[in-house]
Amino acid sequence: MRRNLARTLVCLFLFCQMPSPVQAGGNMETIDITGLAPSPIPGLVIGRVAPVKWDARCLPVRYRVNDTLDPIPNPLGSPVLTVDEAVPALQQALDLWNDIPTSFIEMQIVGTTGNTGEAGLDMVNEVTFRTSLREPGLLALSVSFHFADDSILIDGDDLDEDGDPDVSSEISVCEDMDGDGDIELPAGVYKSGTIVDNDVIFFSHASRFTVGPPDANLASADLMAVALHEFGHSHGLAHSLTNQLKATDGRAAVMFPTINSADPQSELTARTLTAEEIAWSSFTYPEGSERSGPAALGPGDIAFDQVFGRITGEVRHGILKREIVGANVFAVAKDEDGVDTVVSSAFSGTIRFHVDPVTGEALFVETLSGKYVVPVPSGEFRLGVEPLDEFPAFGATFNLKTEFGPLFGGHDFDEEFLGRGRRGRTIDVQPGKAVKQMNIVTNRTVRIDNFGTIDSVGFTDAAPGSYYAVRIPSEQIIEVVGRRRPLIIESADFMTFPLDSSVVPIFAEALLTTGTINADGTAAVDLAAPLGRVTDFVGQDTDFARLMFEHPARLGDRVRRGIRRGEIQNLFLVLRVPTTTPFPGVSGVPPLIGLDGDPNGNDVPIFGLSYFSDDGGITFHQRTDHNFMFRLVLSR
């Protein structure tokens, strides 16, 4: 009997030019058409969103490693890795997931397979280095086949249509009952999204996989780090948007969609799980949630509700006054040194689809709410929210909410925390409890950003102590806010990058100040008496870092009075490169900034508002080749 099976492909990309580290954002998702509920649109049915995961009857998940390419090909030269040498690293990656005491997921390598073709739906969970796929930048791929609706399997069903039954009424758990190498499922009911076959494909033609100490070769990748990420997808976790854990640690979540294989430290830290992966694996497979079976407590297990709680609420847009689907909600807590650290995150929103019941194609999608749930260990947290604005990664690489949510708009808000002030409110979470109604309404802001799309990053050759500055003419401020409305200056935002993903981009200082333009076009910037200054300014990895002001309305009043009196002709947003060397990281380059300026045709003019100083800030020279990506954010 043919069943309605769908396929989920999730991959790990290698972002070579601007490498980024790791936030998990929840579960992989599928469209559930169970019951074929009629849509208001004639001829279509309602498709709901369901998580993709394994049924407890199929745990442990049994993997077989393809040994038909042995040794494993090396695109850089002679092979350096055999299958026998690869298997321990693969099992180590699996064991990190298996050893989470609050999650009952279990995955094991049980042998090899001699498949000389492509991995696919054959009821063998295959790990392979053999593929004819050629996708630039792709390191590995996790492919899951799952049910697209609730399904009743009966004895003799042939799911992969190879003539060999895949369902038996004689077993109660998934097993290879006939000894032919593939897995049979017990007869019964299976929920939509249940995985029946998962394959993990490593692109050995594209990278030299290694199992020893990571190296700085961009075309070489640490097998265990890549495998740890892919096996996260294999048991149902989506990509995460967390790519910088804290101000003192540049590492990303394991489930962030890229890895920097030119940064050995980044690869090394990617061999261990962060709190976010542990939270989501436990939320998806909660230990102690059943009295028997894999979810029942065993030796060394800890019940999910003894460790974790939940924060729930809804995200709405402050100007549009409607729900936001796909916003990234993240929870921050103090570590043992008192440093703010991202602990968990999730994507907001509820959506549903209108599906052609014959083809299974989703023809329409609608938003229902901006609700979210973030699993966190017990403790005190601050709750932040950020948009899907392509920084630090593209939204379509995560799940259905992030793929379709931005189509409805609302992702033009600025990253912020729940509550008033720069730090927001603190939320106390108890084990086994849900803190509800943590609703976020985004601030009503307007941006002055004199740049277009990002074209490059710079500058790797900047000298210690150099300054970058962007001028905001006073007349532009008055044009934006008008002469009668209050001027409220919320923040100065700077697009920042590290070249090495393990490094936090920390600048010597960030300032909002005033200045004038000299007759020769250079700028005189007041560095001695700024309107706002932060030393050791912590940038973000591939995102806007915000210099938030303590008293936005008071600052705005001061600037408006200065403009009215002719005392303020320009505001300047300033970043200073660290003054000491060597710069941290294997590349040894300074922290970088985002640049707009395509020599083959830019999307906006080069405004001539960007300046650079390499003489200690005495003279700022105008740049006519780039718009620096600094912006001023005003509150409405």
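The following questions and answers concern a predicted model.

Reader: How far apart are the end C-alpha atoms of helix α8, and what span should its residues give?
Author: Helix α8 comprises 13 residues, 552–564. At 1.5 Å a residue, these should span 18 Å. The end C-alpha atoms agree with that expectation, as they are 18 Å apart.

Reader: Around the axis of α8, what arc do the buried residues cover?
Author: The buried residues in α8 are Leu555, Gly556, Val559, Arg560, Gly562 and Ile563. They lie on the same side of α8, because the arc they cover around the axis is only 160°.

Reader: Which residues are exposed on the other side of α8?
Author: The buried residues of α8 are covered by elements including α7 (474–481), β29 (489–497), β30 (506–517) and β34 (570–576). On the other side of the helix, the exposed residues are Arg554 and Arg564.

Reader: Is Gly293 buried, partly exposed or exposed?
Author: Gly293 belongs to the loop between α4 (275–284) and α5 (304–307). Its relative accessible area is 48%. Since exposed requires over 50% and buried under 20%, Gly293 is classed as partly exposed.

Reader: How many residues apart are the cysteines of the disulfide?
Author: A search of the whole structure finds one disulfide, which joins Cys58 to Cys174 with an S to S distance of 1.8 Å. Cys58 is in the loop between β3 (45–51) and β4 (61–66), and Cys174 is in the loop between β9 (167–168) and β10 (185–186). The pair thus links distant parts of the chain, 116 residues apart.

Reader: Is the link of Cys58 and Cys174 left-handed or right-handed?
Author: Both Cys58 and Cys174 are buried. With -40° about the S-S bond, their link is left-handed.

Technical notes: Residues are numbered from 1 along each chain as its sequence is written. This is a predicted model: local features need pLDDT of at least 70, side-chain atom pairs count only at pLDDT 80 or more; totals for chains, interfaces and linings use all residues. Side-chain values use heavy atoms; hydrogens and water are left out. Helices (H or I, at least four residues) and strands (E, at least two) are DSSP runs, numbered from the N terminus. The expected span of a helix is 1.5 Å times one less than its number of residues. Buried means under 20% relative accessible area, exposed over 50%, partly exposed in between (1.4 Å probe, protein chains only). The arc is that of the directions from the helix axis to the C-beta atoms. Contact means heavy atoms within 4.5 Å. A disulfide is a pair of cysteine sulfur atoms within 2.5 Å.
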